[in-house]
Amino acid sequence: MSRRKSFFYGQFSGMVEPITAVIGAFAVAFIEPLLPYALSFAAGAMAHRKKAIRIWCLRCLFMLVVHSNQQAFPNPVLQVF
């Protein structure tokens, strides 16, 4: 490849950067007012996930206790689990 061709390929590959910078600046200006809502949605999703994991862990712990106690003290009410 000639030096001239290499030079122009390098220039053409760099031409995209200013164009995408302008598009990115407009996107940031448009999205900025929505940022608090997006962050609160993400926080709510994380809190819900943490709650779901805790409930699952407590259920597993409860099942372990119930099943270990059923052998020593059978209880017909707990047979549903």
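Tutor: Accessible areas come from the Shrake-Rupley method with a 1.4 Å probe, and for residues only the protein chains shown count as cover. By that method the protein exposes about 7500 Å², with carbon and sulfur atoms supplying 73% of it. This is a predicted model, where local features need pLDDT of at least 70, side-chain atom pairs count only at pLDDT 80 or more, and totals for chains, interfaces and linings use all residues. Residues are numbered from 1 along each chain as its sequence is written, and side-chain values use heavy atoms, without hydrogens and water.

Student: What makes up the secondary structure of the protein?

Tutor: There are 3 helices and 0 strands, in the order α-α-α from the N terminus. Helices (H or I, at least four residues) and strands (E, at least two) are DSSP runs, numbered from the N terminus.

Student: Why are α1 and α2 called roughly parallel?

Tutor: The axes of α1 (residues 3-14) and α2 (residues 16-31) come within 5 Å and cross at roughly 0 degrees. Axes are lines fitted to C-alpha atoms, for helices over the stretch in contact, and angles run from 0 to 180 degrees between N-to-C directions. Angles under 35 degrees count as roughly parallel, over 145 as roughly antiparallel, 65 to 115 as roughly perpendicular and the rest as oblique. Therefore α1 and α2 are roughly parallel to each other.

Student: Which residues of α1 and α2 meet?

Tutor: F12, S13 and G14 in α1 meet V16, E17 and P18 in α2, where contact means heavy atoms within 4.5 Å.

Student: Why is the pair of F7 and F8 called edge-to-face?

Tutor: The whole structure holds 2 aromatic pairs. Rings of Phe, Tyr and Trp (its six-membered ring) pair if their centres lie within 6.5 Å; planes under 30 degrees apart count as stacked, over 60 as edge-to-face and the rest as tilted. The ring centres of F7 and F8 are 5.6 Å apart and the planes stand at 70 degrees, so the pair is edge-to-face.

Student: Why is F7 called partly exposed?

Tutor: Buried means under 20% relative accessible area, exposed over 50%, and partly exposed in between (1.4 Å probe, protein chains only). F7 has 48%, so F7 is partly exposed.
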